[in-house]
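Me: Could you pick one part of this model and take me through it closely? I'd like to see how it connects to what lies around it.

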Amino acid sequence: MFRIGPIVPSRPGRVGVIDIGSNSIRLVVYDRVTRSPVPIFNEKVMCGLGRGLGQSRRMAPDAVALAVDNLARFTRLLEGMGVDRVDVLATAAVREAEDGADFVAEVERRCGLPITIISGVEEARLSALGVISGIRDVDGVMGDLGGGSLELVGLDHGDIGEQVTLPLGPFRLMDETGARKEARSVVQDTLAQQGWLSRYSGRSFYPVGGAWRAIAKLYMERENHPLHIIHQYTVPTAAMTDFVGLVAKQSKGALSGASISRRRVEMLPMAALVLEGVLKALRPARIVFSALGLREGHLFDLLSPEDQARDPLIFAAAEIAHRLDRFGHAEVVAEWTRSAFPDETADEARLRQAASLLSDIGWFEHPDYRAEHAWLRVLRMPVAGLDHAERVFLAAAVYVRYGADLGDALTRPVLELLTDAARTRALILGQTLRLAHTLTGGATSLLERTSLAFSGDAVVLTLPADEEALTGFAVDRRLDAVAKALGRPGRVAVEESRRAAG
């Protein structure tokens, strides 16, 4: 479990990470090294450095030229963006090619970018850290599929266990086997030698890598999943095993109509074949896709242990609140809502805190569209540490906070991801947040002098005697809405002790 704690100042300065893989090179620039880094620029080029490497042992000249040209472009962009730190990580293709050292020397000569060629073990470790950084209490096996290799890492409730790098990347399989029947046999035989995988049977499998994300996207589109976010998209094992078995049999032409790049489509049948093999060897209970991998793991590795232990959702929500809320003390709102949920679990408290921190996110929007903007922004925010149902819960609570009704045309498609109990809880929380902001106009210095709690069978809003003027028609309506959602009457009380002291 991630630790929930106060915000600690993050290391200042933009940081860029360039990942030179077997199929693509990618530059991502983040706002800074922090527990919840925000990508401010992201560009990928499909160079195919690993294509044909299994036969020639050298990178194709056209792929090298494309990579160097685009790395020169990345360098100029980094200069223009004023990026303070740039880390360039090269993986399987550069690591294994006979001309890998020549490639590194040319990039350093032309671009001035020092390249770190990481080992298979280090690649596996960083990818696993990426998953750990973005998913709570990971337990199972992480698999990172690149063009040239597959990294598998055991994860025991966030601790890294046994790991291995295997020559099962799609380019490698295409070069060395050709026929899919032969490739399937190689995958099965290679994975059968990894006896440690059986210890993780029945847990989760966390796929990482562009090819597997593309498969997730295809499955998501086929199932008409209402939330098109790959991170923590969870699929039952049996359903995904059947699906990748079908994809593995498809031709490139059959897959080319999908919303996947042409160069990525080329790899999909082999990538699906490898995923099918892993699922059959591992027999996990579920597949949880991760959008975070090596690059995010590298940034996570730069943090102190104290910062690594922080909850990325709460950290990100607090930073959003500090940037956007009007009065700068959103934590007071989170504390104020606590008494309305006396029997909440730790997971429920975490979501309530996040929703409270985000509850003033739409104040600067046009009044007629605040609820809509807040719903979409919270639902799709680029934040890790929450699954799809949790995203919907947060968005629903904030939507209600802005006076909208759940189940309308905007929200109906994704509300199916919530249980009835979670939907009711989102409604109660949203009404509670609406009361908090109406009561004091968002001024938390006033809010912290009031309280909302249960007294007998009633919902009681308590005010100090010198703030009795805060009541009024609008407040009464909001309190009635909270009470109705909770199925009990509501009333306003004035603290007699403060009245007497006055």
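Reply: Happy to! Let's start at the second largest pocket, where Ile135, Arg136, Asp137, Tyr206 and Gln232 are the lining residues nearest the centre, out of 16 in the lining. A pocket here is an open set of points on a 1 Å grid over the protein atoms alone, where a 1.4 Å probe fits, with protein on both sides within 12 Å along at least five of seven lines; lining residues have an atom within 4 Å of a point. This is a predicted model, where local features need pLDDT of at least 70 and side-chain atom pairs pLDDT 80 or more, while totals for chains, interfaces and linings use all residues. Numbering runs from 1 along each chain as its sequence is written, and side-chain values use heavy atoms, leaving out hydrogens and water.

Strands S9 and S11 each give at least two residues to the lining of this second largest pocket, and S9 is the part to look at closely. S9 covers residues 204-208 (strands are DSSP E runs of at least two residues, helices H or I runs of at least four, numbered from the N terminus). How many of the residues of S9 are buried? The count is 5 of the 5, so S9 is largely enclosed by the rest of the structure (buried means under 20% relative accessible area, with a 1.4 Å probe and protein chains only). Both faces of S9 are covered, with Ser204, Tyr206 and Val208 on one side and Phe205 and Pro207 on the other.

Now for the partners of S9 (two strands pair if DSSP finds at least two bridges between them). Strand S6, residues 140-145, runs parallel to S9 and is joined to S9 by 5 bridges. In that pairing, valine 141 sits opposite phenylalanine 205. Strand S11, residues 286-288, also pairs with S9 in the parallel sense, over 2 bridges. There, serine 204 stands opposite arginine 286.

In the loop between helix H11 (262-282) and S11 you will find proline 284. Is proline 284 buried or exposed? Its relative accessibility is 6%, so proline 284 counts as buried. Proline 236 lies 48 residues from proline 284 along the chain, and their C-alpha atoms are separated by 8.9 Å.

Conventions. Buried means under 20% relative accessible area, exposed over 50%, partly exposed in between (1.4 Å probe, protein chains only).
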